[in-house]
Amino acid sequence: MRSETIAASVAERPAKAWRPATSETPATRRVLIAIAGIFLGLVLLLPLGAVFAQAFSGGWSLYLAALAEPDAVAAMRLTLLVAAIAVPANLVFGVAAAWAIAKFEFRGKSLLVTLIDLPFSVSPVISGLAYILVFGSHGLLGPWLDAYGIKVAFAVPGIVLVTIFVTLPFVARELIPLMEEQGAGEEEAALSLGASGWKTFLFVTLPNVKWALLYGVLLCNARAMGEFGAVSVISGHIRGLTNTMPLHVEILYNEYAFQAAFAVASLLAILALLTLALKTFLEWRFAGDMAGARGH
Amino acid sequence: MTLPLRHLATGIGIALLSTSALAETTLLNVSYDPTREFYKAFNAGFAEHWNEETGERVTVRMSHGGSGKQARTVIDGLDADIVTLALEADIDAIASQTGKIPADWRQRLPHQSAPYTSTIVFLVRKGNPKGIADWDDLVADGVEVITPNPKTSGGARWNYLAAWAYADKAFAGDEEKIRGYVSALFQHVPVLDTGARGSTITFAQRGVGDVLLAWENEAFLALEEIGPDSFEIVVPSISILAEPPVALVDANADKKGTREVAEAYLHYLYSPFGQSLAAENHYRPADPSLADPADLARFPDIELVTIDDPLFGGWAKAQPTHFGEGGVFDQIYRPMN
């Protein structure tokens, strides 16, 4: 009896792909959308637009000149170098950690998961200072390394280390939920059919997580190139030597070189936009293969 | 996958090689905030001079920031050959905490190791809408004062001491009233940046505040860079003689084998080139006879109190008394909400 009525009422409705989830009037809906739109415009698009407007305020030739300036080139090179070391390092670490956490049971597993998240909850400035405490001349390892002529703080190795620290969770965080969801069934099947551990990883595990891995690498790279706070503490701000792009932007800004500052900043903005575009594409195309990405 | 990886590896290799394979001598000058423009020009001049003298090539790298912060990084291991900071106390801190600079460093160079001096003036918005003429106007209702944090910035310590010197004169040495005045002054500060340049940008570019307490050279630079249509300089009745000192960091230079060129660099600051360039960049040269009279004419006459005045008793006394942990500044400063 009841089910019939429901069926009838459903049948009466015109076939529609979309139904409102709430009973708000279209006017309310429009107001809400407008608020969200205006807010995003003010908070996101306007400042981003201002960066490009300021960067091109002197025309193309000045824009390119600002990017070709030796200190700017050195900053870009350093930023690329740091990302080229930090991202692969975290790729290897992330895969290993996710593999261990998702496929094995061991004591202290939840502690490991918490530790991986630590860089998310620690302020980057503190991360930088912590590395100074370890590698500074009065630090734990600093004097010992100094005796061997190895410089970590205020040099490229220190910058690489803090970058690895702040970007550590990105890859692991993407992989863990997905790998846990997938379970160990396929790997067990492969092993029972005689595949070696390495082969299993290469032909079973890796294909299952490749898109999530790419997604994690993407976010990791964006943060590695854009990190300011932690790097600022440990860099020593030597022009042309230990300034990454974000630090170089600040220096130029403080020297009244606003156009040049924003020219370099626009490169970082382009990087951010590219990351965003790729991220959106991955989410749209491979959402099913990226359990970890669904929540983002 | 192998091809891009190989490219990546070559890229890293090249980047590493090119930073380590510089055959020429490199000096690192760790300086405070407002000296950027001066040392940029001076370094180019010195490199040329050194090349003519010895045929060697030298590159001077710079690091700038709040003076106290910069001293801290040198103490933590930044291997500066030379430090050119805002005040004696910061170099003293490096000397006493690391032993990399001998304690008598001030006696090693002419003019107490201060090749240029400066003072503290006011920068106000064009037309001086708040009618600021002297120190007492800074604590009037509705006036917002911009200065960096005396804990991290050398310039800010000079600002503080200049205000103290004024109050000492105005209140005939009544310590209670002096403290009251300086405390009231900091109640008028909405933002405490860590370095002088940060404060200048806050005031000039972001448009915060009515008056900037600034190094004289920093005030002139803001006029030049942002335009005399926006600001004007107000010279107070009394200010302080700021002597930013320079020093060789002996242990670092000896380790790197750069002592000779680093010493030549410091002495070159006292040459006609260094002195006239300082005046051109609005620093008061230690030996005015070497500078262009036209540059010198831009410096206003102000009654200047020195740090060695009995009022302060030198940096060795003033630093712990006023800026040390729990010192006078800590006692009188309450962040404004």
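**Entry 1: a strand pair in chain B**

I began with Val30(B), whose bridge partner in β2(B) is Ser63(B). The model is predicted, so I kept its rules in view: local features need pLDDT of at least 70, side-chain atom pairs count only at pLDDT 80 or more, and totals for chains, interfaces and linings use all residues. Residues are numbered from 1 along each chain as its sequence is written, chains are lettered from A and ligands numbered from 1 in the order in which they are written, and side-chain values use heavy atoms, with hydrogens and water left out.

In which sense do β1(B) and β2(B) pair? I found the parallel sense, over eight bridges. Two strands pair if DSSP finds at least two bridges between them. Strands here are DSSP runs of E with at least two residues, helices are runs of H or I with at least four, and both are numbered from the N terminus.

Next I checked cover. Strand β1 of chain B spans residues 25-32, and six of its eight residues are buried. Buried means under 20% relative accessible area, exposed means over 50%, and partly exposed lies in between (1.4 Å probe, protein chains only).

**Entry 2: Arg61(B)**

I moved to Arg61(B), which sits in strand β2 of chain B. Is Arg61(B) buried or exposed? Its relative accessibility is 16%, so Arg61(B) counts as buried. I also took a C-alpha distance: Arg61(B) and Val30(B) are 31 residues apart along the chain, with 8.4 Å between their C-alpha atoms.

Then I looked across to chain A. A polar atom of the Arg61(B) side chain lies 3.1 Å from the backbone oxygen of Arg239(A). A polar contact is a pair of N or O atoms within 3.5 Å; within protein, one must be able to donate a hydrogen and the other to accept it, and residues adjacent in sequence count only if both atoms are side-chain atoms.

**Entry 3: Asn43(B)**

I found Asn43(B) in helix α2 of chain B. Asn43(B) counts as buried because its relative accessibility is 9%. Which residues does Asn43(B) contact, leaving aside its neighbours within four places in sequence? I listed Val60(B), Met62(B) and Tyr265(B). Contact means heavy atoms within 4.5 Å. With Tyr265(B), the side chain of Asn43(B) also makes a polar contact of 2.5 Å.

**Entry 4: where chain B meets chain A**

I looked up both sides of the contact. Chain B gives 33 residues and chain A gives 22 residues. The buried area between the chains is about 2500 Å², and carbon and sulfur atoms give 58% of it. Buried area is the accessible area (1.4 Å probe) that two parts lose on being put together, summed over both.

How many residue pairs are in polar contact between chain B and chain A? I noted 11, both residues being at pLDDT 80 or more. On the chain B side, several elements each supply at least two residues, including α1 (2-20), α2 (36-54) and β2 (58-65). The largest share, six residues, comes from α1(B). I sorted that side by class: 12 nonpolar, 10 polar and 11 charged residues. Ala, Val, Leu, Ile, Met, Phe, Trp, Tyr, Cys and Pro count as nonpolar, Asp, Glu, Lys and Arg as charged, and the others, Gly among them, as polar.

**Entry 5: salt bridges**

I searched the whole structure and got 28 salt bridges over all chains. A salt bridge is a side-chain nitrogen of Lys or Arg within 4 Å of a carboxyl oxygen of Asp or Glu. Three of these cross the interface of chain B and chain A.

One of them joins Lys151(A) to Asp79(B), with the closest N and O atoms 3.4 Å apart. I also found Lys255(B) with Asp146(A), at 3.6 Å from N to O. That pair runs from helix α10 (residues 250-256) of chain B to helix α7 (residues 142-147) of chain A. Lys255(B) is exposed at 58% relative accessibility, and Asp146(A) is partly exposed at 34%.

Asp33(B) is buried at 5% relative accessibility. Arg36(B) is buried at 6%.
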